[in-house]
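Here are my notes from a first pass through this model. Have a look at it yourself, then see whether you read it the way I do.

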Amino acid sequence: MSKVFFTYVWGPPGNPAWPLTFATKAARSHAKKVLSEGDFVFTIGTRGEPTGPEHRGKVLGVFQVSDLEVNTQDYELPRNHARPEFDGVIRFPYALHPIAVWQVTSPDSMFSTLVGPLTPNHHLQAQSKIVELDAAAAVPLLSLERHQVPPTLPRTEFGRGLVALKNSKLAPKHQGNFSGTFGDHDVWFVYALVLQDARKKVLAIKVGYSFEPEQRAVAHNGPMAPEVTGLKWEVFLKQATSSEDAARQIEQAVLAKHAKHRLASNGEIIAGVDPLAIAGTIADIMRNG
């Protein structure tokens, strides 16, 4: 059974939606400790600036949150440079990436009316943390009208790959009127295989992309007959990406970066380069494009 929590925020979740943000790493760690994937966090508008008067005290959104830790600096989010004290990216740098997000559309969504009296401590804690509600208080929140909005994605391919990998591992969860929808995703990886001899000396590196890098190593080892030759391809690195196209583009960028070391007989194989240098190139491309 999913649990229900609430916390205070400065406004609706947005479209696409922000991740669920926290002012401190400790607050995010607390959320990870008490949340299970598939639980719901309702967001309530604060009663002062910068929350707009029309949103103050109302239930604005609901997040179904994963345990994937992210930072708001990694997202293209609205900024308030004129008033840094109200800039959400600065004030709330720590976040959890959501599985699913809904904007609440019910006209009668005043939080205090829906859940009844709560202790002052509940409200105080919810200013910086998520606070659990008991089942009776949660019922009217789960019945609110809402519409689903897509979560915004990290701006780097590295971040988008982490999200794709997380989504691929999530099983469907259904609770009442809310459900998380997860398709069967093949996660595409950029990979580097290393060819080693019997003494584990690296002879060559193969850069490629696949949703099953380990199977690519098996396929390459078939003709090699490792038990006879002592030569074997092994997965040195696999990095999740957001799509097959992204994986292909990163592969080509890595090969272009190390063009002078590619074999004429097989342009996907690189010789005379440290595998760590290939790993560094992949990381640089995924973080910076």
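**Notes on the predicted model**

1. Starting with N221: setting aside residues up to four places away in sequence, N221 touches P226, K232 and W233. Keep in mind that this is a predicted model. N221 sits in helix α7, which runs over residues 213-224. Is N221 buried or exposed? With a relative accessibility of 11%, N221 counts as buried, because the cut-off for buried is under 20%.

2. Next, helix α1 (residues 25-34). Which of its residues are buried? They are A27, R28 and A31. These three span an arc of only 100° around the axis, so they sit on the same side of α1. An α-helix has 3.6 residues a turn, so residues three or four places apart point the same way. The other side of α1 has A26 and K33, both exposed. As for what lies over the buried residues of α1, the cover includes β2 (20-22), β4 and β5 (94-104).

3. Now a helix pair. Two packed helices are described by the angle between their axes and the distance between the axes. For helix α9 (residues 244-257) and helix α10 (residues 275-288), the axes come within 10 Å and cross at roughly 130°. The two helices are therefore oblique to each other. As to handedness, α9 passes α10 in a right-handed crossing.

4. Which residues make up that contact? From α9 come I250, A253, V254 and K257, and they meet I278, T281, I282, I285 and M286 in α10. Sorted by class, the contact of α9 with α10 has 7 nonpolar, 1 polar and 1 charged residues.

5. E157 ties in with this pair. E157 is placed in helix α6 (residues 157-169), and its contacts, not counting residues up to four places away in sequence, are T241, S242, A246, I250 and M286. I250 and M286 also turn up in the contact between α9 and α10. Is E157 buried or exposed? E157 is buried, with a relative accessible area of 10%, because anything under 20% counts as buried. For a sense of scale, E157 and P120 are 37 residues apart in sequence and 43 Å apart in space, C-alpha to C-alpha.

6. Last, V202, which is in strand β11 (residues 202-210). Its relative accessibility is 32%, so V202 counts as partly exposed. Apart from neighbours within four places in sequence, V202 is in contact with V194, L195, Q196 and P275. P275 falls within the residue range of α10 (275-288).

Methods:
Residues numbered from 1 in each chain as written. Predicted model: local features only at pLDDT ≥ 70, side-chain atom pairs only at ≥ 80, totals over all residues. Heavy atoms only, no water. Helix = DSSP H or I, 4+ residues; strand = E, 2+ residues; numbered from the N terminus. Buried < 20%, exposed > 50% of the residue type's maximum accessible area, 1.4 Å probe, protein only. Contact = heavy atoms within 4.5 Å. Axes fitted to C-alpha atoms, helices over the stretch in contact; angles between N-to-C directions. Parallel < 35°, antiparallel > 145°, perpendicular 65-115°, else oblique. Left-handed = near helix turned anticlockwise from the far one by under 90°. Nonpolar A, V, L, I, M, F, W, Y, C, P; charged D, E, K, R; others polar. Arc of directions from axis to C-beta.
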